[in-house]
Structure formats: C-alpha cells, structure tokens
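I record what I looked up and in which order.

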Amino acid sequence: QVQLVESGGGLVQPGGSLRVSCTTSGFIFSIYAMGWYRRAPGKQRELVAMISSDGISKYADSVKGRFTISRDNTKNTLDLQMNSLKSEDTAVYYCKRLAGDYWGQGTQVTVSS
C-alpha cells in the first residue's frame, strides 16, 4: 500500500536551517506530483510547496525564497530544505501525494530560541 514517512524535524533557532525528508513506497513515485503541507498550532493545514513529476516547483508566498522542494525519483524520496527559518514556520510538516488522499504521519518543526 501507499506509504509516506517523514523524517528530519526538530528544534532550530530563528534564522537557522533544517531539511525534512519523505520516504515513499507502494506506488510509482516518479509519475506523481508531490507536496509538503504544514499545520501550525491553531491553524488549518496549508500547502507549503509542490513539485510536479518533471520537477517544476511552486511555493507559498510565505516561504518563497527560503524553502526549496526537491525529489529524487531514483530513491523515491521528497525533500524540503528550509532556510532562514522564522518562528511562524513552527508546525507539523506533512508529505503528500497530490493525487488521492495519501499523507505521511508528519514531522514536528519548532523554530525557537
């Protein structure tokens, strides 16, 4: 079955960097668009970044220029490099296959001094 497993979250100071990863299995990763979502405390889940099957990426305005989404179709993995982190980036980050309702369990990212 489809499985998405996030890793790499943690605590980082404002201005710092963190990379979260998503390992996938159970489907042909290379043909699907993928995305990273996040849910901050007290807020709805929002799309942070997405990447098409051929590598075209789009970002939410709030992270544009700071976050980079990437994929490795040989390893079936999806990454999100987060730089210049702000306290408002604190959230649970989720990996999602954009076709169908397939989500990972999420990984906590906390930006705090």
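**Disulfide**

I first looked up the torsion about the S-S bond of C22 and C95; it is about -75°, so the disulfide (a pair of cysteine sulfur atoms within 2.5 Å) is left-handed. The two sulfur atoms are 2.1 Å apart. I noted that C22 lies in strand 3 (residues 18–25) and C95 in strand 9 (residues 91–97), 73 residues apart. Strands (E, at least two residues) are DSSP runs, numbered from the N terminus. Both cysteines, C22 and C95, are buried; buried means under 20% relative accessible area, exposed over 50%, and partly exposed in between (1.4 Å probe, protein chains only).

**Basis of the entries**

I note that this is a predicted model, in which local features need pLDDT of at least 70, side-chain atom pairs count only at pLDDT 80 or more, and totals for chains, interfaces and linings use all residues. Residues are numbered from 1 along each chain as its sequence is written, and side-chain values use heavy atoms, with hydrogens and water left out.

**Aromatic rings**

I then counted four aromatic pairs. Rings of Phe, Tyr and Trp (its six-membered ring) pair if their centres lie within 6.5 Å; planes under 30 degrees apart count as stacked, over 60 as edge-to-face and the rest as tilted. For Y37 and W103, the centres are 4.8 Å apart and the planes at 65°, so this pair is edge-to-face. Y37 is buried, at a relative accessible area of 17%, whereas W103 is partly exposed, at 26%. W103 also forms an edge-to-face pair with Y94, at 6.2 Å centre to centre and 90° between the planes.

Technical notes. Helix = DSSP H or I, 4+ residues; strand = E, 2+ residues; numbered from the N terminus.
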